Amino acid sequence: MPMIELRNVSKWYGSFQVLDDCTTRVGKGEVVVVCGPSGSGKSTLIKAVNGLEPFQKGEILVNGVSVGDPKTNLPKLRAHIGMVFQNFELFPHMSITRNLTLGQVKVLGRSQEEAEAKGLKLLDRVGLLSQKDKFPGQLSGGQQQRVAIARALSMDPIAMLFDEPTSALDPEMINEVLDVMVELAREGMTMMVVTHEMGFARKVAHRVVFMDNGQIVEDCTKDEFFGSVRSERAQTFLSKILHH
Amino acid sequence: MDWKVLLEQAPSGGMTYLGWLWSGLFWTLAVSLCAWVIAFSVGSVVGVARTVPLRVPRAIATAYVELFRNIPLLVQMFLWYFVMPEVVPKAWGDWLKQDMPNLLTLPFAAQFSLWEFTAAVLCLGLYTASRVAEQVRSGIQSLSVGQTNAGLAMGLTLPQVYRHVTLPMAYRIVIPPMTSEFLTIFKNSSTALTIGVLELTAQSRQISEYTFKTFEAFTAATLIYIVITMTVIFAMRALESRVAVPGYIAQGGGR
């Protein structure tokens with residue numbers, strides 16, 4: 001059973017269709033990179049996986065649980081899917097430590113001490129233990145995004161969703177975030193990553209999904225994608241982002 | 001100018017005219033602070049309700065705001081005081097008008113009944129709540145949707161997201177406009193004189209009528225109002241720097 005499975009998912013904003021019959025899956029321990037031009041529906045697709053974006057047709061299963069089913073306990077499901085956002089979305093009024101413990105305490109019911117121990121261990125792992133008492137506004141973008149990854153990991157997720165995690169970063173900070181993600185991928189974390197970082201895709205992705213106009217145009221292994229892409233749209237896209 | 005007039009014995013209450021001013025100040029503060037408690041709590045609930053993704057609470061909250069902010073405050077004062085007792089069952093109306101305990105036994109002898117005080121507090125509180133609600137709503141909506149999404153994505157329920165993520169930032173952001181509302185409630189409390197609450201403005205008018213010292217009476221009231229509002233401004237500034245978030249720069253520019 002795949003960890004994340006999308007079956008014929010469609011979504012409309014009014015009469016405008018943002019997702020058009022999307023079908024794909026992410027197996028356990030698999031890293032899938034989703035790419036495509038802006039406005040192609042990548043972010044909408046990844047937000048549909050944990051129910052942040054409702055969809056009108058089709059079905060999404062995470063670990064066998066249907067996301068679109070009104071009977072599904074979404075908070076409970078989301079607690080086990082980590083998500084990292086383009087704009088970090090740390091909570092600005094909380095110290096880094098509180099950012100790391102909030103979900104553990106309020107959602108998982110861990111004690112403050114337990115949550116803090118876990119959170120600080122992960123903060124150490126992303127190399128930012130010394131920043132534990134600071135506030136998000138006092139950290140650089142790259143540091144904030146690493147904290148955001150640690151925050152997601154502190155919930156012991158069964159899968160991680162990354163929505164353009166490096167798009168809002170200054171160029172010199174992209175690598176520190178990608179390094180953390182590469183390490184995670186190598187440890188066998190199930191990951192669905194919306195990104196334009198083809199270097200990351202080359203290094204650790206198992207499969208690449210290419211989207212355009214709300215449709216999944218390519219869904220193939222990394223080698224197939226970088227070797228011999230079949231669709232013209234994917235080739236045009238690749239030539240635009242790879243040649244400088 | 002003859003400020004000594006304030007120290008003369010007033011014709012009622014067993015105090016000087018200055019005593020009347022203190023009594024007026026007491027009732028201005030009492031009406032305003034009680035009304036602020038209502039305004040802040042009702043306004044917060046209504047403001048939050050205007051932002052939730054549920055149609056019915058949103059519609060009710062919008063109707064509340066439009067109703068209360070579109071009727072002149074003075075008209076609302078009369079509606080609460082004169083009209084409300086007539087539209088409730090007769091026994092209740094009579095109780096409101098006649099049998100509510102009188103406040104004569106309280107300090108700062110008040111020559112009005114608890115009903116006048118209650119009507120003024122309800123009116124001012126519920127009217128200001130509609131304005132507070134708009135501040136709370138704008139504060140919440142100034143935050144990015146990503147904040148709510150981040151809260152939801154870690155498994156918090158929507159009420160938990162409001163409690164821990166959205167509202168703490170929204171309240172911080174709206175401290176400056178909220179200060180204005182808080183100031184306005186003290187100034188608007190003077191409309192309570194129209195239904196017989198002897199607050200500060202009513203007392204100074206009364207002093208002016210008894211002594212013909214119009215300038216002194218209203219200057220004294222003006223100074224007292226300024227002392228109140230300056231106190232509020234300094235208190236709110238202290239609050240603002242106390243809860244300031246390190247490293248956080250409000251969207252739309254620094255300070």
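Helix H9 of chain B has cover for its buried residues that includes helix H1 (17–49) and helix H10 (214–242) of chain B. Contact here means C-beta atoms, placed from the backbone, within 7 Å. Helices are DSSP runs (H or I, at least four residues), numbered from the N terminus. The model is predicted: local features need pLDDT of at least 70, side-chain atom pairs count only at pLDDT 80 or more, and totals for chains, interfaces and linings use all residues. Residues are numbered from 1 along each chain as its sequence is written, and chains are lettered from A in the order in which they are written.

The buried residues of H9(B) are B:Leu200, B:Thr201, B:Ala202, B:Gln203, B:Ser204, B:Gln206 and B:Ile207. Buried means 20 or more other C-beta atoms within 10 Å of the residue's own; exposed means 12 or fewer, and partly exposed lies in between. H9(B) has 12 residues (200–211), which should span 16 Å at 1.5 Å a residue; its end C-alpha atoms are 16 Å apart, which agrees. The expected span is 1.5 Å times one less than the number of residues. Just after H9(B), B:Phe212 takes a positive phi of about 60°.

Elsewhere in chain B, B:Leu167 lies in helix H7 (residues 158–173). B:Leu167 is partly exposed because 18 other C-beta atoms lie within 10 Å.

Now chain A. The axes of helix H3 (residues 96–106) and helix H5 (residues 141–153) come within 8 Å and cross at roughly 30°. Axes are lines fitted to C-alpha atoms, for helices over the stretch in contact; angles run from 0 to 180 degrees between N-to-C directions. H3(A) and H5(A) are therefore roughly parallel (angles under 35 degrees; over 145 is roughly antiparallel, 65 to 115 roughly perpendicular, the rest oblique). A:Ile96, A:Asn99 and A:Leu100 of H3(A) meet A:Val147, A:Ala150 and A:Arg151 of H5(A) in the contact.

Note on methods. Helix = DSSP H or I, 4+ residues; strand = E, 2+ residues; numbered from the N terminus. Contact = placed C-beta atoms within 7 Å.
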